[in-house]
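Then turn to the aromatic rings.

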Amino acid sequence: MTETIAVIGGTGDLGFGLALRWAKAGKHIIIGSRREEKAKKAAEKIREILGKEAKVDGKVNHEAAAVADIVVLSVPFFAQIGILKSIKKTLRPGTILIDVIVPLATAIDGPPTKTLGVWSGSAAKLTEQLVPKGVKVIAAFKNVPADAMQNLEEEVDCDVIVCGDDEEAKKKVMELAEIIPGIRAIDGGSLDNAHIVEELTAFLININMIYGVKNAGIRITGIK
Ligand SMILES: NC(=O)c1ccc[n+]([C@@H]2O[C@H](COP(=O)([O-])OP(=O)(O)OC[C@H]3O[C@@H](n4cnc5c(N)ncnc54)[C@H](OP(=O)(O)O)[C@@H]3O)[C@@H](O)[C@H]2O)c1
């Protein structure tokens, strides 16, 4: 049976890119939004791009999360706690929750080149604290530029570092990353390491600004 992936915040830049890439790979995607109409519109846009056969639906966030095997949390840091509260009752033990959030200082009108200190250690660890026991939180896609994800003309020239404490869930997310052309998944160890990956994103935004580009990413060398 094909698994269902809900992308909470799938109407936004990165979430839409993930939904688009996975729908293109034949996955069943549910776009989640605070507004059903907005979710359905984003799903329709994906069908316009990929064709009517694309398996994409749109639902309000809690309904999307309720029917999914894998839930992606793709909302701004300042919205993280509220959105998690709105979906947490629908998350079941065993669900894989992919956290892509970067706690950029923009949440408090600071620069995008800095991250905020999160009391739990990282945005991903905060998610882990807020979801029911048994939900497997995996940090991934935190360094991938949304622009590159949405541009189907080109492969995504980027490694995706995946951090988490459940090895099976981490492997599953690494497989999901690698169905996107160009992406190589790197096992980044435990969820405790997620803060390093989150800080790297602010650094990459700085590099984007220095070079006047949008899509700076990372590649880890020395691994065959
Ligand atoms: N953009 C990138 O290149 C990139 C790269 C790596 C990681 N990230 C991380 O991925 C996450 C999503 O990034 P993004 O650029 O896709 O974000 P975004 O476009 O600004 O927002 C994503 C979605 O979040 C939802 N949302 C929920 N509560 C919200 C609120 N209070 N205010 C505004 N939006 C709210 C909105 O969906 P509805 O209105 O439909 O509910 C929105 O479409 C962020 O945490 C970011 O740090 C982004």
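## The pocket

On a 1 Å grid over the protein atoms alone, a pocket is an open set of points with protein on both sides within 12 Å along at least five of seven lines. A molecule sits in a pocket if more than half of its atoms lie within 2 Å of its grid points. Here the ligand sits in the largest pocket.

This is a predicted model: local features need pLDDT of at least 70, side-chain atom pairs count only at pLDDT 80 or more, and totals for chains, interfaces and linings use all residues. Residues are numbered from 1 along each chain as its sequence is written, and side-chain values use heavy atoms, with hydrogens and water left out.

## Around the ligand

Of the 23 residues around the ligand (a heavy atom within 4 Å), T11, S33, R34, K38 and V75 come nearest.

Polar contacts pair N or O atoms within 3.5 Å. The side chain of S33 has an N or O atom 2.5 Å from a ligand oxygen. For a polar side-chain atom of K38, the distance to a ligand oxygen is 2.6 Å.

## An aromatic pair

The structure holds one aromatic pair (ring centres within 6.5 Å). W22 and F141 form it, edge-to-face (planes over 60 degrees apart). Their centres are 5.6 Å apart, with 80° between the planes.

Notes
A polar contact is a pair of N or O atoms within 3.5 Å; within protein, one must be able to donate a hydrogen and the other to accept it, and residues adjacent in sequence count only if both atoms are side-chain atoms. On a 1 Å grid over the protein atoms alone, a cavity is a set of points where a 1.4 Å probe fits but cannot get out, and a pocket is an open set with protein on both sides within 12 Å along at least five of seven lines; lining residues have an atom within 4 Å of a point. Rings of Phe, Tyr and Trp (its six-membered ring) pair if their centres lie within 6.5 Å; planes under 30 degrees apart count as stacked, over 60 as edge-to-face and the rest as tilted.
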